[in-house]
Protein chains: 2
Amino acid sequence: MTSRRRSVDDLAGRRIMAERVSALGVGILTAAGAPRPAAAVQVEQLVEADLRGRPSHGMQRLPTLAERIRNGVLDPAAVPCVAGARGAAIVIGGGFGFGPVAARAAVAELRRVARAAGVAVAAIQAAGHLGMLAPYLEDLAADGLVGLGFATSEALVHPAGGRTPLVGTNPIAIAVPARPHPFVLDMSTAAISAGEVIARADRRARLPCGRAVDAGGRPTTDPVSALRGAISPFGGPKGYGLGLGIELVVAALTGCALGTRVRGTLDVECRSTKGDVLVAADPAWFGSTVGDEQLGAYLDEVRNSPTAPGVERILIPGDRMRAERERRIELGIPYPRAVWARLLALELATRAGTDG
Amino acid sequence: MTSRRRSVDDLAGRRIMAERVSALGVGILTAAGAPRPAAAVQVEQLVEADLRGRPSHGMQRLPTLAERIRNGVLDPAAVPCVAGARGAAIVIGGGFGFGPVAARAAVAELRRVARAAGVAVAAIQAAGHLGMLAPYLEDLAADGLVGLGFATSEALVHPAGGRTPLVGTNPIAIAVPARPHPFVLDMSTAAISAGEVIARADRRARLPCGRAVDAGGRPTTDPVSALRGAISPFGGPKGYGLGLGIELVVAALTGCALGTRVRGTLDVECRSTKGDVLVAADPAWFGSTVGDEQLGAYLDEVRNSPTAPGVERILIPGDRMRAERERRIELGIPYPRAVWARLLALELATRAGTDG
């Protein structure tokens with residue numbers, strides 16, 4: 001890419017190529033004190049989210065990470081500690097470092113233990129935000145393993161019938177080897193992301209129905225009222241039950257905080273107190289006769305089944321993300337002007353700091 | 001209970017005490033050729049569902065089980081085979097017998113292996129319908145273990161954007177030790193049960209919105225149209241993704257059938273081709289410092305948080321079932337007249353057969 005082309009892209013807030021984004025991110029984090037390999041793992045995970053069209057888990061979080069480092073609540077040089085890896089139970093202590101660095105250590109252990117014992121569960125604590133769970137589980141699935149992932153996060157979701165944010169947006173992820181691509185589901189148990197509520201408040205847009213309640217617990221489509229109230233669980237009482245179940249499973253296995261005591265992924269003052277649980281199982285150990293070929297054929301059967309009126313095509317979770325990823329690798333990532341401007345400003349400040 | 005009291009209850013279709021229901025069920029299944037211990041395990045699981053107010057998994061399924069035995073597609077004397085219990089992977093072959101008998105064998109193995117290795121996963125295949133997953137997981141939680149459960153079932157649910165039933169009603173269950181009761185979530189990924197659609201069709205009642213589509217894929221509240229169409233996943237695309245993920249995880253680990261090839265829980269002609277996966281993890285192996293005391297305190301915090309307008313109290317999954325169970329143990333189970341009449345007729349035929 002010529003420097004002229006790049007600067008035009010940058011200034012117009014147009015698409016930015018992933019390599020440029022990565023270089024910028026690694027530059028900012030290393031300037032903030034992160035060792036280059038750790039910074040690269042963290043930034044790769046942010047860029048992956050942006051490539052997949054999930055900006056809530058993308059580079060817009062980088063300024064927060066940099067500030068967390070400066071405030072001493074995130075140790076960018078932390079080396080994950082694989083403690084108590086006995087039997088099929090893996091305990092990863094993140095040392096309050098980057099989440100993706102801890103998660104990558106967990107994935108390596110999961111792979112090893114699942115191969116040796118058929119099954120492995122990793123409990124990750126004292127680690128920063130992992131970002132999307134999909135990339136970790138995809139790697140397990142690419143290795144022929146079935147993967148499950150659960151994580152907790154700041155309490156933003158009200159209980160069914162309630163109005164106080166007491167449950168995290170707690171994602172669940174599932175990956176299964178299949179042809180030609182592994183199946184990968186990675187979804188929050190909240191009806192909408194906090195980032196989306198804020199974005200709609202900024203541009204004075206309404207929320208879709210059923211996504212949030214106001215401070216009085218009444219359903220609202222006004223994002224400003226929603227910010228004073230709480231986000232709703234997806235799918236009513238069932239989604240609430242699922243999110244709550246994840247909150248408990250993760251706390252029971254990682255020893256992390258619960259509900260409103262979860263901190264350290266959105267703020268810049270607190271150490272991370274959330275937890276993550278990853279599970280891997282090796283179908284070969286179960287003697288299963290259903291392989292990725294049959295699973296892929298079934299997924300194609302679903303994809304090719306008749307659609308409802310007005311629906312063009314049936315999607316399998318991951319289909320849209322995979323297509324978007326390919327497109328963005330080729331054409332670049334379309335950042336909102338404000339997000340990219342903030343990243344450029346950080347980069348500039350970094351360079352000034354380095355030069356000075 | 002006097003015989004006069006019993007017969008009045010029976011004839012009026014009023015509440016029936018659980019012991020009476022159990023005796024009737026065991027009588028019918030043993031007459032159909034089941035060994036008494038296996039019949040007792042199967043019937044206990046059906047009665048448990050009725051005690052908890054989940055008739056779709058209760059005694060209304062008994063006539064189907066008896067007919068499946070008569071048709072030779074369910075072997076009531078099958079002894080579950082614990083094959084390949086290596087590492088932390090447990091493979092249970094049900095021998096096409098009662099699901100609960102296989103599930104109880106799985107729970108015993110899960111307990112043993114999770115204690116020995118921290119984690120265990122059981123893949124159950126060639127077993128009948130397990131019934132509710134909650135009772136199995138509750139037993140694990142009562143033992144201090146975290147439990148997860150996934151099961152597949154006949155394809156009744158359409159993909160998001162589709163109209164053909166291609167995904168099972170695939171439940172997910174989560175149990176976590178907590179004071180004073182373990183947390184137990186046990187929910188289908190369908191928006192409504194097939195039994196409820198049929199019941200509403202029978203009494204000419206409408207369905208709530210968003211529960212089903214007609215054969216053309218249009219949302220419908222007419223249960224008769226829904227029966228020609230498909231049940232919707234709960235919670236839109238997310239619930240669909242979750243149900244589909246369960247379909248794949250269970251097939252990948254158990255080798256069971258997928259989609260429309262799943263048979264043998266609703267019909268009386270086919271051997272069971274679905275699968276079940278149960279997971280147990282021992283928090284003690286993970287060195288977690290969050291115990292059932294803290295988890296219980298958090299659940300109380302959620303229960304006691306402010307309600308939305310018009311809501312009396314906030315419930316934790318399992319609260320309503322637990323209360324209903326206590327009530328029904330004391331007062332008896334209120335069976336619809338037709339269900340109880342059918343069971344009594346089966347009992348009568350059984351006695352006639354035994355006498356003759």
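This is a predicted model: local features need pLDDT of at least 70, side-chain atom pairs count only at pLDDT 80 or more; totals for chains, interfaces and linings use all residues.

**Entry 1: the interface.** Chain A and chain B bury about 6,200 Å² between them, and 73% of that is on carbon and sulfur atoms. Which three residues of chain A supply more of its buried area than any other three? They are A:K238, A:F286 and A:Y298, with 12% of what chain A buries against chain B. By residue, I get 80 of chain A in contact with 80 of chain B.

**Entry 2: polar links across it.** I looked for charge pairs next. The count between chain A and chain B is two salt bridges. One of them joins the side chains of A:R261 and B:E301, at 3.0 Å from N to O. For polar contacts between the chains, I find 24 residue pairs, both partners at pLDDT 80 or more.

**Entry 3: who builds chain A's side.** Several strands of chain A give two or more residues to the side that touches chain B, including strand 3 (89-97), strand 4 (119-127) and strand 5 (146-151). Helix 9 (236-254) and helix 10 (292-303) of chain A are also on that list. Helix 9 of chain A has the largest share, with 15 residues. Sorted by class, I count 52 nonpolar, 21 polar and seven charged residues on this side of chain A.

**Entry 4: the core.** I then went to the largest nonpolar core, which has 165 residues. A:L242, A:F286, B:L242 and B:F286 touch the most other members.

**Entry 5: helix 4 of chain B.** Is this helix (residues 62-70) largely enclosed or open? Seven of its nine residues are buried, so the rest of the structure largely encloses it. The buried ones are B:L62, B:P63, B:T64, B:L65, B:A66, B:R68 and B:I69. After the helix comes B:G72, with a positive phi near 75 degrees.

**Entry 6: B:S232.** My last stop was B:S232, in the loop between strand 12 (230-231) and helix 9 (236-254) of chain B. B:S232 counts as buried because its relative accessibility is 8%, and the cut-off is under 20%. A polar atom of its side chain lies 3.5 Å from the backbone nitrogen of B:A212. Among its other contacts beyond four places in sequence, I noted B:V157, B:H158 and B:G210.

Notes:
Residues are numbered from 1 along each chain as its sequence is written. Chains are lettered from A and ligands numbered from 1 in the order in which they are written. Side-chain values use heavy atoms; hydrogens and water are left out. A nonpolar core is a set of buried Ala, Val, Leu, Ile, Met, Phe, Trp, Tyr and Cys residues joined through side-chain atoms within 4.5 Å. Buried means under 20% relative accessible area, exposed over 50%, partly exposed in between (1.4 Å probe, protein chains only). Contact means heavy atoms within 4.5 Å. Buried area is the accessible area (1.4 Å probe) that two parts lose on being put together, summed over both. A salt bridge is a side-chain nitrogen of Lys or Arg within 4 Å of a carboxyl oxygen of Asp or Glu. A polar contact is a pair of N or O atoms within 3.5 Å; within protein, one must be able to donate a hydrogen and the other to accept it, and residues adjacent in sequence count only if both atoms are side-chain atoms. Helices (H or I, at least four residues) and strands (E, at least two) are DSSP runs, numbered from the N terminus. Ala, Val, Leu, Ile, Met, Phe, Trp, Tyr, Cys and Pro count as nonpolar, Asp, Glu, Lys and Arg as charged, and the others, Gly among them, as polar.
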